[in-house]
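Please look over the sequence and the model shown here before reading on.

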Amino acid sequence: MFKISVGENGEQLFLCAKDEDLLSAARKNAQKIMRGCCSGGCGVCKIKIDEGQFRRDTSSMAVLPAHEREQNYTLACKTFALSDLRITFLK
Ligand code: FES
């Protein structure tokens, strides 16, 4: 399990299993995050990873363009923690 802290001061915290996407883990832990297609196509679950290692599965370049990927924006439904993370919810 990885610890996922939310916000600048990590005021919210939830756990995420190694192979669980961040959107599922967040919703299971009563975090307020928008859920749409759950397949990397709509962009409503976009978050920013502020600290930590993660991997992405395939997702739409239209809703998550290359310049956003470089700045660690990602789609929670297609993102998996590889370490403890600090993230920001955008919506
Ligand atoms: S819910 Fe649609 S991209 Fe994540």
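How many bridges join S1 to strand S2, and do these strands run parallel or antiparallel? S1 is joined to strand S2 (residues 12-16) by 5 bridges, and the two run antiparallel; helices (H or I, at least four residues) and strands (E, at least two) are DSSP runs, numbered from the N terminus, and two strands pair if DSSP finds at least two bridges between them. This is a predicted model, in which local features need pLDDT of at least 70 and side-chain atom pairs count only at pLDDT 80 or more, while totals for chains, interfaces and linings use all residues. Residues are numbered from 1 along each chain as its sequence is written.

**Sheet**

- An open sheet is formed by 5 strands in the order S2-S1-S7-S3-S5, with mixed pairing, and its edge strands, S2 and S5, each pair on one side only.
- Neighbouring strands of this sheet are turned by 40 degrees against each other on average, direction ignored, where axes are lines fitted to C-alpha atoms (for helices over the stretch in contact) and angles run from 0 to 180 degrees between N-to-C directions.
- S1 and S2 form a hairpin with 5 residues between them, and Gly-7 in the turn has a positive phi of about 90 degrees; Lys-3 has Leu-15 in S2 as its bridge partner.
- S3 and S5 pair in the antiparallel sense over 3 bridges, and Lys-46 stands opposite Leu-75 in S5.

- Leaving aside residues up to four places away in sequence, Cys-45 touches several residues, among them Leu-23, Ile-33, Leu-75 and Ala-76; contact means that the C-beta atoms, placed from the backbone, lie within 7 Å.

- Cys-38, although not a glycine, has a positive phi of about 60 degrees, and is found in the loop between helix H1 (22-28) and strand S3 (46-51).
- Asn-72, likewise not a glycine, has a positive phi of about 70 degrees, and lies in the loop between helix H2 (66-70) and strand S5 (73-75).
- Asn-72 is partly exposed because 15 other C-beta atoms lie within 10 Å.

Note on methods. A residue is buried if 20 or more other C-beta atoms lie within 10 Å of its own, exposed if 12 or fewer, and partly exposed in between; C-beta atoms are placed from the backbone. Two residues are in contact if their C-beta atoms, placed from the backbone, lie within 7 Å.
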